[in-house]
Amino acid sequence: MSKVKKIDVYYILSILSVLLLLAVWWAASAVNESLASPGQTVERFFRLIENPIMGKPVSVHILASMRRILVAFFAASVAGVGLGVCFGIFPTFRRMFWPVFSILRPVPPLAWIPIVILWFGVIGDTSKYIIIFIGIIMAIVINTYASISETDPLFLKAAKTLGANRWQTLVHVTLPNSIPAIFAGMKTGLSTGWMSVVAAEMIAAKEGIGFLINMSMKTTPDTALDFVGIVLVALCSSLVSFVLSVIERKLCPWLELDVK
Amino acid sequence: MYNEKTRSVGMKVFLNVSGLLMFFGIWELVVALGLISEKKLVAPSAIFMTFIDKLTNVVPDGNTIIVHTLTSLELVLIGFVLSCLIGVPLGLLMGFFKPANRFFTPIFEIIRPIPPLAWIPIVIVVLGIGIQAEAFIIFVAAFVPCVINSYTGIQATSKTLLDVAKTAGASKTQLFFKVGIPSALPMVFTGIKISFGSAWATLVAAEMIASTVGLGFMIQQGRNAVRPDIVLLGMSVIGLIGAALTGLLSILEKKALPWRNLK
């Protein structure tokens, strides 16, 4: 067999598809005048840099959204993994509180917004942090709990045979084994979290990407600004997910050794 | 080590019930003792009274709870069914045929990270204000899990099964319909369940678009009128219906895929 790799001609299709997407967008904007074209979106971005909205440069909006999601994500990760571990290793705790968790779980994060605003007010960041926190934590708790309760009994028995106590088993066997599932939960949580960020900022904020998106609906529709917001959210969320994947690979190097 | 084999059934039931009793008991008590203002939280019993009242009363949001619920259900089902009809075949094609994969994956990856809410300003310009715009937001939210699961499911088709079928002379189309799709079905069903969850979770967002009826609209109005009982009732109904329909989908799944239960 020759070792020369066949060039994958289908890659042309990938390029074509992106071009087609741009063409469709451009055509739609030509038909509907209030819909911004790709060119207008780029131009709008530069205009946004020159003429800040509410006197705040675009970096302030990006950083505001990033700060909100990162703070809420950190809190939700600590609380979510903690709660998931408790559900996983304390049968009594699970028996008592899993039903409570199960009746809160089906309430969508966005449905919490009105009551959280009634409780913590519309101004300030407290309600936003809480809304985003609720959006992120559910998936982390569920994934942590599921992976801990599904730990291979063989590992647990091996640890027991070697004389590990409960705490050692948790730290050296159960938790490391659950890391991939916990990270999967974090990623799911983050995408709900970004939706909550945009929602919270659209309802009441003086800065943030969701605020920019909301501004695009004020008076005359400024869809170019919305597209700028969409691109910014997509970039920020990809950046956070990417950093998370890097951390995951550092934390569990054995996943790379998985040779087929 | 982490099991509870020694525990009797009665004890298990007692613990399960005690957690819930504690939760609702403390909630009821906190309100009864006046630790939290009635303008912020009302007791579970008061929410139930509001539910009875809202069956006939149209104040403050203009409709009874039944009308709100039916409107929301209709909206979510339109978006959800559309996303399944388009998302599942797309995911299956992307997972099975390389050209389809190369063509659709970049578009999908560009659209995927956009939060459904961010579409609202564009959707209003293109589709106007109305049920189409709202259904589109739900469609977008439900679409992604449908595609991802169908794609992953059909990609995981056993190589052995494919080879056997090939040896028996199956064409590429036959492989797709007779081997790929059946073996992907469990994952497809999981995707449909997840996508229903996303659709239902986006309801409140979709009803932010100038709607005048629906459960999401009702809780917004409840907040404006400072009626925590209305807000909490809306949340409870949204939660209950979401859980009930997810349960229904799980039952359908067991009926549709009997071989999945043979472990």
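**Note on chain B of a predicted model**

1. Buried residues account for 41% of the 263 residues in chain B. The model is predicted, and every value below is computed from it.

2. Chain B has 11 helices and 0 strands. Read from the N terminus, its elements run α-α-α-α-α-α-α-α-α-α-α. The radius of gyration of chain B is 23 Å, while the globule rule gives 18 Å for 263 residues; the value is well over the rule, so chain B is more spread out than a compact globule.

3. Along the principal axes, the C-alpha atoms of chain B fill a box of roughly 75 × 65 × 30 Å. Of the contacts in chain B with a separation of 6 or more, 71% join residues 24 or more positions apart.

4. Between them, 6 residues of domain 1 are in contact with 5 residues of domain 2. On the domain 1 side, the residues that touch domain 2 are 5 nonpolar, no polar and 1 charged.

5. How many residues of chain B are in contact with chain A? There are 47, and they meet 52 residues of chain A. Several helices of chain B each supply at least two residues to this side, among them helix 1 (9-32), helix 4 (98-111), helix 8 (172-201) and helix 11 (228-256). By class, the side of chain B that touches chain A has 34 nonpolar, 7 polar and 6 charged residues.

Key. Residues are numbered from 1 along each chain as its sequence is written. Chains are lettered from A and ligands numbered from 1 in the order in which they are written. This is a predicted model: local features need pLDDT of at least 70, side-chain atom pairs count only at pLDDT 80 or more; totals for chains, interfaces and linings use all residues. Helices (H or I, at least four residues) and strands (E, at least two) are DSSP runs, numbered from the N terminus. The radius of gyration is taken over C-alpha atoms; the globule rule is 2.2 Å times the number of residues to the power 0.38. A residue is buried if 20 or more other C-beta atoms lie within 10 Å of its own, exposed if 12 or fewer, and partly exposed in between; C-beta atoms are placed from the backbone. Two residues are in contact if their C-beta atoms, placed from the backbone, lie within 7 Å. Ala, Val, Leu, Ile, Met, Phe, Trp, Tyr, Cys and Pro count as nonpolar, Asp, Glu, Lys and Arg as charged, and the others, Gly among them, as polar.
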